[in-house]
Amino acid sequence: MSGRRDVTCPYCFASVAPREILFRCRGRAGRRGGCAPVLDEELAAYTGSTANASLPPVFAAPGRSGRAECPGCGGPTGNRACPRCHNPLPAAYCAHPGRIVALVGAKNAGKSTYIAVLLHELMNRVGTELDASLVACDDRTIERYRRDFARPLLTERRLPPTTTSAATAPREPLVYLLTRTRRARLRRDRTDSLALVLFDSAGEDLRSREVTDLHLRYLEAADAVVLLVDPMELPGGRGAGDAPVQDDPIDIIVRVTEALRRRHGTAPGERLPVPVAVALTKIDMLGAEPPGQSALHRSRSGSGVLDLDDRDAVDAQVRALLHDRQAGRLDTYLAQQYTDHALFGLSALGAAPAGDRVGAGGVRPHRAEDPLLWLLYRFGMLAGTRPGGG
Ligand SMILES: Nc1nc2c(ncn2[C@@H]2O[C@H](COP(=O)(O)OP(=O)(O)O)[C@@H](O)[C@H]2O)c(=O)[nH]1
Ligand SMILES: [Mg+2]
Ligand SMILES: [Zn+2]
Ligand SMILES: [Zn+2]
């Protein structure tokens, strides 16, 4: 079944039929002969640079088995590429298309920090807990993650510079595939994957004319959305003398909703079947709560499963917090527009930064992975339990 579904390319968001997907020759390596690299014009046009665009050639083949022989050198290959932009389409992604997770948020919501921390968590602690692997889909993603996210924040402990608008920022997303195999006692093991497509964009892009065509297609293509919101920027979380809110989180989600409605063609009164996770970032700024009373301040419970009791408690607490800060409108809007949304609270850093540097205790993320775990649960990739029964 899934083999016949169209695949949405996580780089250019074109919808392609499985038989259109190209193959790329594996080229020369060690003693293996193969085609020499040539400049790939489509890839260079996509990245805007010829720097990393010299690769062994792509070719079309009816390879239903997912493998084909290169007409140039006769070598077998299983590497797939998008027919439009020539970026790699991993086999696991082609087998289970329709799982693109998009991350959005206003300027200063904490997107850049969150991307750095979430990816690190998924590659390490959380990846181990879930027995899931996070793999970058291309070399540019690996290089940019190290240079722009991991090295500055996690190694040098510097906060990310303000993300400039799409006009100057890298215009392509970081693309990862999160793959998880669920062991089943009676059935066959099931391997599923989710594409994490992360544009480190400036939030105001979503409202201005500057918003790129690629970015709009990204929003349209999203199968799940993570919206980051800075709780200190909520209407009721600010001092009376503060400047007016620049990027109301509602404005951001309205743009996302418009894009999703274009794709789904839903009537205005009809709710969108796209799960939306709304996460308050920087909850370390909310002040200490009496220990034991705040679900949000506890560590997540459950290991390798989603604890649904814990989920309900956090959801209720964040809902109360939104209403407290005159942002209940956000919750109401989501309930009207989407069949399924959930509320989260997290801290990527774990503590307030000191100037432009991470605080003395280092980066200590708190519940950073929660929205992702919920999405995995929603996509049937993670089991849910109710330890309290019921
Ligand atoms: N206290 C606290 N501050 C944070 C946290 N994450 C980000 N910040 C702060 O929020 C600012 C904006 O974060 P950034 O990731 O650049 O936001 P972006 O504009 O959405 O990419 C940063 O300068 C940090 O000082 C957090 O977990 N806790
Ligand atoms: Mg940023
Ligand atoms: Zn593509
Ligand atoms: Zn070849």
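Student: How many helices and strands does the secondary structure of the chain come to?
Tutor: The model is a predicted one. Its chain holds both kinds of element, and the secondary structure comes to 10 helices and 18 strands.

Student: What percentage of the residues of the chain count as buried?
Tutor: A residue counts as buried when its relative accessible area is under 20%. Applied to the 390 residues of the chain, this criterion gives a buried share of 50%.

Student: Among contacts between residues at least 6 apart in sequence, what percentage join residues at least 24 apart?
Tutor: The contacts considered here are those in the chain between residues at least 6 apart in sequence. Within that set, the share joining residues at least 24 apart is 74%.

Student: Which residues coordinate the zinc ion (ligand 4)?
Tutor: The donor atoms are SG atoms, placed at 2.3 to 2.4 Å from the zinc ion (ligand 4). In sequence the donor residues follow the spacing C-x9-C-x34-C-x2-C. The coordinating residues are Cys25, Cys35, Cys70 and Cys73.

Student: Why is the arrangement around the zinc ion (ligand 4) called tetrahedral, and what angles do the donor atoms subtend?
Tutor: Four donors count as tetrahedral if all angles lie between 85 and 135 degrees. The 4 donor atoms around the zinc ion (ligand 4) meet this condition, because the angles they subtend are 101 to 116°.

Student: How many residues apart in sequence are the parts tied together by cysteine 35 and cysteine 70?
Tutor: Cysteine 35 belongs to the loop between strand 3 (22-24) and strand 4 (38-39), whereas cysteine 70 belongs to the loop between strand 7 (68-69) and strand 8 (76-77). Cysteine 35 is buried at a relative accessible area of 14%, and cysteine 70 is buried at 5%. The pair therefore ties together parts whose separation in sequence is 35 residues.

Student: Phenylalanine 13 has a positive phi although it is not a glycine; what is its value?
Tutor: Phenylalanine 13 sits in the loop between strand 1 (7-8) and strand 2 (15-16). Its relative accessible area is 9%, so it is buried. Phi of phenylalanine 13 is about 65°.

Student: Is asparagine 108, whose phi is also positive, buried or exposed?
Tutor: Asparagine 108 has a phi near 70° and lies in the loop between strand 10 (100-105) and helix 3 (111-123). The cut-off for an exposed residue is over 50%. Because its relative accessible area is 53%, asparagine 108 is exposed.

Definitions and conventions: Residues numbered from 1 in each chain as written. Chains lettered and ligands numbered in written order. Predicted model: local features only at pLDDT ≥ 70, side-chain atom pairs only at ≥ 80, totals over all residues. Heavy atoms only, no water. Helix = DSSP H or I, 4+ residues; strand = E, 2+ residues; numbered from the N terminus. Buried < 20%, exposed > 50% of the residue type's maximum accessible area, 1.4 Å probe, protein only. Donors = N, O, S within 2.8 Å, 3.2 Å for Na, K, Ca; no water. Tetrahedral: all angles 85-135°; square planar, octahedral: opposite > 155°, others 65-115°. Contact = heavy atoms within 4.5 Å.
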